[in-house]
Amino acid sequence: MEQYDDIDRALFALPLEAPPQGLRDSILAITVRAPQPERVNAGVFEVAGAGVALALLAWLTLNIVVNPAFAAAINRVLGMFEQALTNPVMLVSLALGFSAVFIVSMLPLEPVRVRVRAGRS
Amino acid sequence: MAALLAPSLARVSTARTFTADDDASLVALALAGQAEAFGTLVERYDRAVYNLCLRTLRDSEEAKDAAQEAFFKAFRGLRTFRPGAKFSTWIFSIAYHACCDRLNRKRRFSDAEIPDRADPGPGPAAQVEQLDDASRLRAAIDRLPEKYRTVITMYHLQGHQYEEIARVLDLPMGTVKTHLFRAKEQLRKLIGDPA
């Protein structure tokens, strides 16, 4: 049990001083009412896509680390890609394909409006 | 009927009244995006925080700045607030450290030693007698060393327990009790209390 003397009682009776005018407003202005940094609003599809990509990456990494057979299969697939990309015929075909796409995309083609005539009755 | 009630129901559901008794709920609401809940915490503690800063710094402008700084830091670091902790302890601790930083800057700037004993002041008796009791006591507190002013403010003026004061000031509880005892001794001398 605390024993309080006169000085304790005098101190306990001392009221807190009123804060200066505008202190609360100034605190609120720099905290609650301050403009918050804009949040990046990602759509549902973007979030889902990022989630799927991350999950796939995690699954691949885990399988490569844990399962040697899986790692070998991945190596085989990568080897096939490597072979395909070092094949001159394949490279020429790819170059021709991309060139064709590029040239077609540069052509000034306008959509043709077709007049639909009202049928004469 | 439903159409008539709809607008008033919408008003009720969007009205933001933060009457939560415990500070932890307000912190949780603020963290959930309802920043106005922090405003209720400001209303609850701005006076106490300002008084702690005022007694520690002995300068109303500095105290105002320190109180603002404390709430700003608390708002920015709300995510670091440990669930289960007391908000009051946390905000007082931030405020106290803000005051200490200011005092240290002042000390470095003035390169003067802060005395551990009460400042006798220029002709205190004549000045102090003219003041009323509360003002005399406040003037006497202001002449105590900083560590004593702070414990007196927290214990007597704000009603905190030894344990909370020890946590805020990061001191052992025994040291807090010693500070209080010595602070009262010095106060007695300053106000000429024979007890």
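Let's start with polar contacts across the interface of chain A and chain B: the rule finds 11 residue pairs, both partners at pLDDT 80 or more. A polar contact here is a pair of N or O atoms within 3.5 Å; within protein, one must be able to donate a hydrogen and the other to accept it, and residues adjacent in sequence count only if both atoms are side-chain atoms. On the chain A side that touches chain B, α1 (6-12) and α2 (23-30) each supply at least two residues. Helices are DSSP runs of H or I, at least four residues, and strands are runs of E, at least two, numbered from the N terminus.

A quick word on the model: it is predicted, so local features need pLDDT of at least 70 and side-chain atom pairs count only at pLDDT 80 or more, while totals for chains, interfaces and linings use all residues. Residues are numbered from 1 along each chain as its sequence is written, chains are lettered from A and ligands numbered from 1 in the order written, and side-chain values use heavy atoms, with hydrogens and water left out.

Back to the interface. How many salt bridges cross between chain A and chain B? The rule finds five, taking a side-chain nitrogen of Lys or Arg within 4 Å of a carboxyl oxygen of Asp or Glu. One of them pairs A:Glu17 with B:Arg55, with the closest N and O atoms 2.1 Å apart.

In contact terms (heavy atoms within 4.5 Å), 26 residues of chain A meet 34 residues of chain B. The buried area is about 2,900 Å², with carbon and sulfur atoms giving 67%; that is the accessible area (1.4 Å probe) the two parts lose on being put together, summed over both.

Now to chain B, which has 10 helices and zero strands. Of its 195 residues, 46% count as buried, meaning under 20% relative accessible area, with exposed over 50% and partly exposed in between (1.4 Å probe, protein chains only). For contacts in chain B with a separation of 6 or more, 62% come from residues 24 or more positions apart.

Let's zoom in on B:Ser88, in helix α5 (residues 87-110) of chain B. Is B:Ser88 buried or exposed? It is buried, with a relative accessible area of 6%. Leaving out residues up to four places away in sequence, B:Ser88 touches B:Asp23, B:Tyr45 and B:Glu164. With B:Glu164, B:Ser88 makes a side-chain to side-chain polar contact at 2.9 Å. Those two residues are 76 apart along the chain, and their C-alpha atoms are separated by 9.1 Å.
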